[in-house]
Amino acid sequence: MTTGVPPACPVSAAPAVSAAARVAAADTAVPVTPSAPSAAGTDDTLDLRLPTGPASGPSTGPYRAPYGPVPEPAARPDLLDTVADWGPVTTAAGVFRLVPVRIERDLRLVTAWMNDPAVAAFWHLAGPAETTTAHLRAQVDGDGRSVPCLGVLSGVPMSYWEVYRADLDPLARYHPVRPHDTGLHLLIGAAADRGRGVGTVLLRAVSDLVLDRRPACGRVIAEPDIRNVPSVAAFLRAGFRLAAEAELPGKRAAVVVRDRALRHAL
């Protein structure tokens, strides 16, 4: 993770006509770029200090098959309501589950995905395994505000996700956030799973999981690169709305939001 984000840039409301033009021809989800981290301490963002108090207890429902056991996590604040225990969900594409990453098990697979040109264009993590290790390690050994996961569909790992606390993320410097807003980053690993609507199905399923498993969360947020037209379109079809365009470090993002209050209306 890097630091040293430049001063906050203004956020502008996205014109409806331009947004519609960007997504009119898109039909699937492709990788969504995470926003770059930054140092805390400016006046225009939330206080990033963690709450004090006892750490959460051990997981009671480890994922054991068909993709191996999940070890008990090290004691630390549980900022995302135990993603490992969210359980499977049945979707139109098959049974889907988020499985927290284990670096020793998953590094080769995630590294291969990051070196796919379609992924590298937006994630900027192409390179040797050490590059991917550093990205994953910062989260796995971090304070719990971001949880990297494999998306396992019908028993096969086929996507990579990051579930994160948007109110504790550098995104808060560039776009208004609320307490417990939860963010999503994702990439679809196999080219065969792109272009046929799988991304849209999984985005809706995962955002539903967030709202079901995190009662304090009122909104699910993402910030795909505005140039990633298929990804923006998939979010909109999955029930998100285009809230704004924002200049983030390294990209101009479409900030998309799925509201708890509107989850059954969109």
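Student: What is the relative accessible area of Glu 247?

Tutor: You are looking at a predicted model, in which local features need pLDDT of at least 70 and side-chain atom pairs count only at pLDDT 80 or more, while totals for chains, interfaces and linings use all residues. Residues are numbered from 1 along each chain as its sequence is written, and side-chain values use heavy atoms, with hydrogens and water left out. Buried means under 20% relative accessible area, exposed over 50%, and partly exposed in between, with a 1.4 Å probe and protein chains only. Glu 247 counts as partly exposed because its relative accessible area is 32%.

Student: How many salt bridges does the structure hold?

Tutor: Side chains of opposite charge can pair when their charged atoms come close. For the structure, the number of salt bridges is 17.

Student: How many residues apart are Asp 116 and Arg 194, which link distant parts of the chain?

Tutor: The side chains of these two residues meet in a salt bridge, at 3.1 Å from N to O. Arg 194 counts as buried because its relative accessible area is 14%. Asp 116 lies in the loop between α2 (103-114) and α3, while Arg 194 lies in the loop between β6 (182-188) and α5, and the two are 78 residues apart.

Student: How many disulfides are found in the whole structure?

Tutor: A disulfide is a pair of cysteine sulfur atoms within 2.5 Å. Two of the cysteines to look at are Cys 149, which is buried at 0% relative accessible area, and Cys 217, which counts as buried at 0% as well. When the whole structure is searched, the number of disulfides is 0.

Student: How far does helix α5 reach from its first C-alpha to its last?

Tutor: Helices are DSSP runs of H or I with at least four residues, strands are runs of E with at least two, and both are numbered from the N terminus. The expected span of a helix is 1.5 Å times one less than its number of residues, and for the 16 residues of α5 (198-213) that expectation is 22 Å. Among the buried residues of this helix are Val 198, Leu 202, Val 206 and Leu 209. Close to what is expected, the reach of α5 is 22 Å.

Student: Where is His 124, a residue other than glycine with a positive phi?

Tutor: The phi of His 124 is near 60°. At 53% relative accessibility this residue counts as exposed. Its place is in the loop between α3 (117-123) and α4 (129-140).

Student: What is the average pLDDT of the chain?

Tutor: The pLDDT is the predictor's confidence in each residue, from 0 to 100, and 71% of the residues score at least 70, with a chain average of 81. Over residues 1-30 the pLDDT is below 50, although this stretch has 72 contacts in the model beyond near neighbours in sequence, a contact meaning heavy atoms within 4.5 Å. Where pLDDT is low, the predicted coordinates should not be read in detail. The average for the chain is 81.

Conventions. A salt bridge is a side-chain nitrogen of Lys or Arg within 4 Å of a carboxyl oxygen of Asp or Glu.
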